[in-house]
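Student: I am new to this structure. Can we go through it in short questions?

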Amino acid sequence: MADGRGPSKCERICRILRRYIGSGQLAAGQQLPAERALSERFATTRITIKEALSSLEADGLIYRAERRGWFVAPPRLTYDPALHTHFHQWIGEQQRTAETRVLAHGKALASSELCRWMGLAPFTPLYEIRRQRLIDGRPVLHVSHHLLASRFPDIAAAPLAGSLTELYWQRYGIGQGGASLEITPSAARGAIARALNLAEGSAVLRLVRVNYDEAGTLVDCDIEHWRPDAIRICLDTRVLQPLVGKLQQTRLAD
């Protein structure tokens, strides 16, 4: 309540737009009227309209595309970053369409951040692959893969738009083992903002995953930047319970 007398103008606008979206009268992917038009229809200021739209954006109901306007967001995808199902497979399992575009790739030296995440010495040679990933034609993910160059000779000649996990196994005999994860809010800048069609400094969700092979040896590091309205992160640790139980039994036996 704004002042004890009823909902504010912003809250009333949010309520109306929520109903339009919830009823399907505003469908996923549909563009909203321009802010100026909305301010006229609701007989209010553009500041109030911006406040209402930002509130709906924070709830994942709409999203803003730089220089294009506001759109109704599709349902969030369920994402379990602990699973190693490749992108196109788990998107397809949720009856959505996935696409991957290679933006750039080439040799590079490990940055100080990558040295910290991957436990590397300074100046370690890496091979970097930067990709844009789309769901139903909408850019939602910018991901950079940082591979240990010594483990992936001639990687530049390989097809890089598909599953790297499958490529590692089929071309190099490197299987997928465990991984460490770090998830933090971040801001989209430069190439990341452009790839996600976001304004400079827009909020994104950054996920850093350091991957190891079946022997526990370092393989690579993935740095994902997601549009936060595109996914919900769900971790299911029940698959780990049998292993935890076995470890506890072993300790008791010792």
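Tutor: Begin with a term. A residue is buried when its relative accessible area is under 20%. Keep in mind that this is a predicted model.

Student: Is W226 buried or exposed?

Tutor: Buried means under 20% relative accessible area. W226 has a relative accessible area of 2%. So W226 is buried.

Student: What is the mean pLDDT of the protein?

Tutor: pLDDT is the predictor's confidence in each residue. In this model, 91% of the residues reach 70 or more. Residues 250–254 stay under 50, with 0 contacts beyond four places in sequence. The mean for the protein is 88.

Student: How many aromatic pairs does the model have?

Tutor: Rings of Phe, Tyr and Trp pair if their centres lie within 6.5 Å. By this rule the count is 7.

Student: Are the rings of Y63 and F71 stacked or edge-to-face?

Tutor: Their centres are 5.6 Å apart. Planes under 30 degrees apart count as stacked. Here the planes are at 20°, so the pair is stacked.

Student: Are Y63 and F71 buried or exposed?

Tutor: Y63 has 9% relative accessibility, so Y63 counts as buried. F71 has 5%, so F71 too counts as buried.

Student: How many residues apart in sequence are the parts that Y79 and W226 tie together?

Tutor: Y79 and W226 form a tilted pair, 5.2 Å centre to centre with 45° between the planes. Y79 lies in strand β3 and W226 in strand β9. The pair therefore ties together parts whose separation in sequence is 147 residues.

Student: Which residues form one aromatic cluster with Y79?

Tutor: Y79 is buried, with a relative accessible area of 5%. Its cluster also holds F87, W90 and W226.

Student: Which residue lies over the face of Y63?

Tutor: A charge sits over a ring if NZ of Lys or CZ of Arg is within 6 Å of the ring centre and within 35 degrees of the ring normal. Here the distance from the ring centre is 3.6 Å. The residue is R138.

Student: Which element gives the most to the largest nonpolar core?

Tutor: That core has 16 residues, and I13, L17 and L26 are among those that touch the most other members. Elements giving two or more residues are α1, α3 and β2. With 5 residues, the top contributor is α1.

Methods: Residues are numbered from 1 along each chain as its sequence is written. This is a predicted model: local features need pLDDT of at least 70, side-chain atom pairs count only at pLDDT 80 or more; totals for chains, interfaces and linings use all residues. Side-chain values use heavy atoms; hydrogens and water are left out. Rings of Phe, Tyr and Trp (its six-membered ring) pair if their centres lie within 6.5 Å; planes under 30 degrees apart count as stacked, over 60 as edge-to-face and the rest as tilted. Buried means under 20% relative accessible area, exposed over 50%, partly exposed in between (1.4 Å probe, protein chains only). Helices (H or I, at least four residues) and strands (E, at least two) are DSSP runs, numbered from the N terminus. pLDDT is the predictor's confidence in each residue, from 0 to 100. Contact means heavy atoms within 4.5 Å. A nonpolar core is a set of buried Ala, Val, Leu, Ile, Met, Phe, Trp, Tyr and Cys residues joined through side-chain atoms within 4.5 Å.
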